[in-house]
Amino acid sequence: MAGGTIVVGVDGSEQSRRALRWAVRQAWLTGARLEAVLAWEPPFSGTGASVAADGPRNLQDIAEKVLAESVDKAVGPEPPVAINARAEEGTPAQVLLKAAGDESVTLLVVGSRGLGGFTGALLGSVSEYCAQHAPCPVTIVRGR
């Protein structure tokens, strides 16, 4: 995996921050580049972050702020590897699979479940869809 790229899905949830911490360690161990990707689609509320009500009105700006805050909460202001963070409009599965489709990507990392869905579910719909359709290996980070 050395020299490749790891893509990790972030949505502001604690599960996605666990996935990000795992991906940071993996990138550090393997020398891979790391991309943290947040997908958003209207209506996007910024759930999981402390975006002020009088803050930016543009959904892309809010998504970028949620992503930056999630990265900071997960790994602090000086992570051991460089993180290329980007927010992109679209459904989470669509955006993650598009990012994973780049030929440099060697691994997609997602949390077992994110902000939506059924609380008792063992595997979220996005992580399940990515595991079934990604063009590269997928790691699903569960629990603590």
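**Close-up views of a predicted model**

**View 1. Contacts across the chain.** Among contacts between residues at least 6 apart in sequence, 73% join residues at least 24 apart in the protein chain. The model is predicted. Four helices and five strands make up the secondary structure of the protein chain. Read from the N terminus, the order of elements is β-α-β-α-β-α-β-α-β.

**View 2. The largest nonpolar core.** This core holds 24 residues. Ile-6, Val-8, Leu-20, Leu-34, Ala-36, Leu-38 and Val-109 touch the most other members. Three strands contribute at least two residues each: E1 (5-9), E2 (33-40) and E4 (105-111). Helices H1 (14-30) and H2 (59-75) also supply at least two each. H2 gives the most, with six residues. In soluble globular proteins, nonpolar side chains tend to be buried together.

**View 3. The surroundings of Val-8.** Which residues is Val-8 in contact with, leaving aside its neighbours within four places in sequence? They are Ala-19, Leu-20, Ala-23, Leu-34, Glu-35, Ala-36, Val-37 and Val-109. Among them, Leu-20, Leu-34, Ala-36 and Val-109 are also listed with Val-8 as residues that touch the most other members of the largest core.

**View 4. The second core.** A separate core has 14 residues. Its members include Ala-39, Leu-96, Leu-97 and Ala-134.

**View 5. Burial and surface.** The protein chain has 144 residues, and 42% of them count as buried. The accessible surface of the chain comes to about 7,600 Å². Carbon and sulfur atoms account for 53% of that surface.

Note on methods. Residues numbered from 1 in each chain as written. Predicted model: local features only at pLDDT ≥ 70, side-chain atom pairs only at ≥ 80, totals over all residues. Heavy atoms only, no water. Core = buried A, V, L, I, M, F, W, Y, C linked by side-chain atoms within 4.5 Å. Buried < 20%, exposed > 50% of the residue type's maximum accessible area, 1.4 Å probe, protein only. Contact = heavy atoms within 4.5 Å. Areas by Shrake-Rupley, 256 points an atom, 1.4 Å probe, with all protein chains shown as cover.
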